[in-house]
Structure formats: structure tokens, C-alpha cells
Amino acid sequence: MTVTLAFHGAAGTVTGSHYVLETPLARIAVDCGMFQGPKTLKELNYQPLPSEPARLDALVQTHAHTDHSGMLPKLTKSGFRGPIFATAGTRDLLQWMLPDSASIQESEVEQLNRQNRRRGRPPVAPVYTNEDAQRALKRIAPVEYETWQEVARGIRGRWWNAGHILGSASVELEVETGNADLPKLGILFSGDLGPRYGALQVAPRGPQGMDYVLCESTYGNRAREHLDDDQRRAALEQEVTAALDRGGNLLIPAFAIERSQELLGDLIHLMARKRLPRTPVYLDSPLAIRATEVFERHLDQMDDVDNGGESPFRAPNVHFVQSIEQSQALNRIAGGVIIIASSGMCDAGRIRHHLRHHIWRPQTTVLLIGYQAPGTLGRLLQDGAPRVKILGEEIEVKAKVRKLEIYSGHADRDDLREWVKARLPIQRGLFLIHGETAALAGMRENVLSLELDPGKVILPDLDQRFRLDRKEGALALEDGRRLGPTRSEEAKRGWDWHNELSALSLELRRQLDELGDDKARMALLKDLRRVLEKR
Ligand SMILES: [Zn+2]
């Protein structure tokens, strides 16, 4: 009569949430996210899913973000035939996000295969295609917030608004252990949690008195200023005014979901009150445009969107850019406009061509408004890299790079502590998941200040499996891990040999440029070659 829980993602690493809960009666998964960040992790997306999809009875979805949902099409492609339970908001967002993710997979692989052909390597297949995405979408069964839903034999679930993005939820599972005489186990998956004071979403809600809780730790070690709506808009006003004064364009890499709508809402609010000039704003992301339409359908679930019955995301100076030609035409505008484009961490999407055309100009401003994962282009810009490589081209960074953290959709250290406190008592175990190493360590200290038994606070590793014992709490089992210790460390640090190689080649380029003449350049290269030959 055992219940086990396996952490096939978002454990000891930053991304790719995927868990398998197995009881004597059923086997279900929670989330099926894509690994993002360093290549060591991304390569796992091409390997078989460790969750044995054909043996799963159902899947429970917390929210629509790619690191929680991006592998759903691979799940169905690998034989999953059960229902995917998700809120209506999540379903509506996935309807656009999964096909978008499929087209990114397909075009990335196309590029890779062109390289592979030149290098004489065999071609690879995309992680999944649009057809796979459509098949996954057909399996989605919508659920209501705070209403019990049968998930599989002996397992029912209840979705609580997590206040993170539209449709986001923490999922409470009530699990029969196979012995009718014993009480059921209560397990709560936090999903990603929103801040107590967010722009469009309500404060997170949830149940109490669970046996086990899994809590995300993205900002487990960081406190942020808690701004109300007025303070947040004032901070944005200041940044936008400074950027427009600089005379160049303002580029805002933004996640298509939530961040883009929050920004649009605030910009329109400030412009309507003449606190900002009605300068042209381009929302340059087909996915963000689709998402905005989904938001307009779910305005009743949102906080602070009263705009006299009008959409809070539309105004005459706000342009939704659909086609790639329209997007490229924006490259001709050297200053005075605001461009919001995805992806939020600059590692894909149209923002890359805007950055390529503008970050070498000192008048340009890049405003980073969200979390930048290690190894991404956004993180390099945030860390002040003097040169970056975009779409195969090396470019000098002369633009002003600013960071404004007021829009993070994540709970900070204090919000997370409050969330855990509101869930107490936690009877048997608290798993801390979904955070960089320092964030997880900070989160552990954070929750221990609530006088939780340290033996019950667990930081699981990727692919680790636990028996959820009623008496003894969570017991680690033998497991089959996909990453060995070194690669696992690299993935945790978010810096692998691919990152090291590109940093080294940029540094080499810089030194070669700085040397006065070709003779000195040749000498440097010969030195390097001697080092290589000695190995
Ligand atoms: Zn999320």
C-alpha cells in the first residue's frame, strides 16, 4: 500500500515542472513542463519522458507557462491517452501557447539540421509538431476553481487560484492509499505562486492541514519592494520618461502572457492621464495578441481592470503587430517608440531582431521587467555583457539596460513565507522545488523560521522518487537519474560548457579586436594553439 512521488522536473533546477504520483489504484502526472536555459538541460527535452506516458491515467495542470506545460504535446505523442485537467483560463491560453511552442520547436530543429548537414551529422526530429500540440489540446478537460473534481481512481483534486497568471492554480489532491481503513493523504502542489500585491491577479488562495506540500521557491532568497498599483505605475512612468528623453526606442522584452498585458494596461492608464505622452506602442508578438484576447474574455477573474466597460488593453496609439513584415518594418524607426516583444528572456521570438537592430545604439533603452534565467540572452544583458551574440551575429551593447522588477508574477521571499504559514499545519513533509540553488537554500531558512521540523523540509533532486509514508514521512527511494553529478551541477548553476564556449569565443574576439596589428593577433592565436596541442 504505497504512494510514491517522483520529481521529474523543477527539482534542484529552475525549470521543467513534471511530477508523477503513483498509488495502488492510479498513476497520474502533475504538469509537463519544458526544460529551458542551458543546453545540458534543454537536451533532455529530446530524450524520452521518464514518466512513461502510456501508463499515466490522467494529468493535472497548474498553469499555462511553458516550463509547466510545454511538453504536453510530447506526452500525448508518447502514448498518453488520459484527460488533462486544467482551469478554463489555462485551457484558453494553451490553445495558443502549445501551437506556438510547436512552431518554435520546428524552426529550431530546422536551423539545427542545416548546421548538422554542413557538419556531416544526422538530422534530428523536433521535440513535437503542431499536430502533436492539437492532439494534446483535445485532451483538456476544464475544471472550476475550488470545486472537487474526480481525477483518477481514488484521486480527486481541487484547484485554488494561485494569483500567478490567468488561470493559474495550486492543486490540492486527496489520495486514497489503497487501504479503505486509513484516512486519505492530502497533497498540495503550489504551482507557481503570485505575489500578494500583483497587477492583474488576485492574492493566492489555498487549503490548510495537508500531509505534504510542494512549494515553489523561485524568489525564496529575495525580498522585493511591495508596491501598490499607484506606486507601480509611478515607477514605470519614470523609466519610460527617461527612455523617451534619451531619444531612442524603448525595447521591452516581455513574456507574452501576463507581463505584456500588465504593461499595456499600465501604459494606457498613464497615457490616458497624460502622465506619459501618447507615443506609439507596438505589441509585437502574435502570441501576446492572442493572449490579450483571452484576457479580455476573462476580465471578471482579474483585479483592478475597471476601464468603464472598455478593454484595458486597447487604445488608438497601441498597435498590435501581426505579420513578420510589419515587425521588420519597425526596424526603420530609430527612436521615440515603445516596442513590447517576446520572449521575456530574449532567447527566442521577435525581440531578438529588435535587439540586433538597436542595442548597438547608445540612445536605445532595454527595459528588463521579468526574471532572467541563467544562460539566457536576457541574463547576459542584465549582467552587463559588453558584447552579445544574436542570431549568429556579434553585437556591441551600447544601449542602456535597465531592470524594473515591479512586474514579477512570482511571490517574493516574504510572500512565500506567508503562503507556507497559511497552509500550516503541514503534517508530514514540505518539499521545496523550482528555484536556483541559492533560492532553495534561502527558502529553507525562510520556512524553518516558521518552526517547522527541519527533518520534514526536503530539497529533492531531479528524478528523485519518494515514498510518501504516513508514519515516517517522505522516504527517498532508489532512482534512475538522467543527469550524472557533473551535468546536474552544471544544470543547477545554469552555466554549462556551451555557455563557457560562447563566453570564451566572445572574449577572444574582443582581445583580437583590441590588439593593434595582425602580427600581435597571430601571436595570440599561436599561443592558444600551443595550449591546445599540449593537451
Ligand atoms: Zn509560471
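Visitor: Is Val124 buried, partly exposed or exposed, and what is its relative accessible area?
Guide: In this predicted model, Val124 belongs to the loop between α4 (88-118) and α5 (130-138). Residues under 20% relative accessible area count as buried and those over 50% as exposed. Val124 falls in between and is partly exposed, with a relative accessible area of 32%.

Visitor: Which residues form a nonpolar patch on the surface, and what is their accessible area together?
Guide: Val124 is one of the members of this patch. The others named with Val124 are Tyr46 and Leu112. Together, Tyr46, Leu112 and Val124 have an accessible area of about 220 Å².

Visitor: Which residues does Asn113 touch, not counting those up to four places away in sequence?
Guide: Asn113 is placed in helix α4. Asn113 is buried, its relative accessible area being 12%, whereas Val124 is partly exposed. With residues up to four places away in sequence left out, the contacts of Asn113 are Pro123 and Val124.

Visitor: Which residue in β11 stands opposite Leu188?
Guide: Strand β10 covers residues 185-189 and strand β11 covers residues 212-216. The two run parallel and are joined by 3 bridges. Opposite Leu188, the residue in β11 is Val213.

Visitor: How many residues apart in sequence are the parts that the pair Arg387 and Asp513 ties together?
Guide: The structure holds 36 salt bridges, and one of them joins Arg387 to Asp513, with the closest N and O atoms 3.2 Å apart. Arg387 is buried at 18% relative accessible area, while Asp513 is partly exposed at 39%. Arg387 lies in strand β17 (residues 387-390) and Asp513 in helix α15 (residues 497-514), so the parts tied together are separated in sequence by 126 residues.

Visitor: What is the N to O distance in the salt bridge of Asp513 and Arg509?
Guide: Asp513 and Arg509 both lie in helix α15, 4 residues apart, about one turn of the helix. Arg509 is partly exposed, with a relative accessible area of 40%. The N to O distance between their side chains is 3.4 Å.

Visitor: How far apart are the closest N and O atoms of Asp414 and Arg413?
Guide: Asp414 is partly exposed at 30% relative accessibility. Arg413 is also partly exposed, at 33%. A salt bridge counts within 4 Å, and the closest N and O atoms of this pair are apart by 3.5 Å.

Visitor: Which residues are linked with Glu22 in a network of salt bridges?
Guide: Side chains of opposite charge can pair when their charged atoms come close. Glu22 takes part in such a network, and the residues linked with Glu22 are Arg27, Glu52 and Arg55.

Methods
Residues are numbered from 1 along each chain as its sequence is written. This is a predicted model: local features need pLDDT of at least 70, side-chain atom pairs count only at pLDDT 80 or more; totals for chains, interfaces and linings use all residues. Side-chain values use heavy atoms; hydrogens and water are left out. Two strands pair if DSSP finds at least two bridges between them. Patches are made of residues with over 30% relative accessible area and no salt bridge: like charges are joined within 9 Å, nonpolar side chains (Val, Leu, Ile, Met, Phe, Trp, Tyr) within 5 Å. Accessible areas come from the Shrake-Rupley method with a 1.4 Å probe; for residues, only the protein chains shown count as cover. Buried means under 20% relative accessible area, exposed over 50%, partly exposed in between (1.4 Å probe, protein chains only). Contact means heavy atoms within 4.5 Å.
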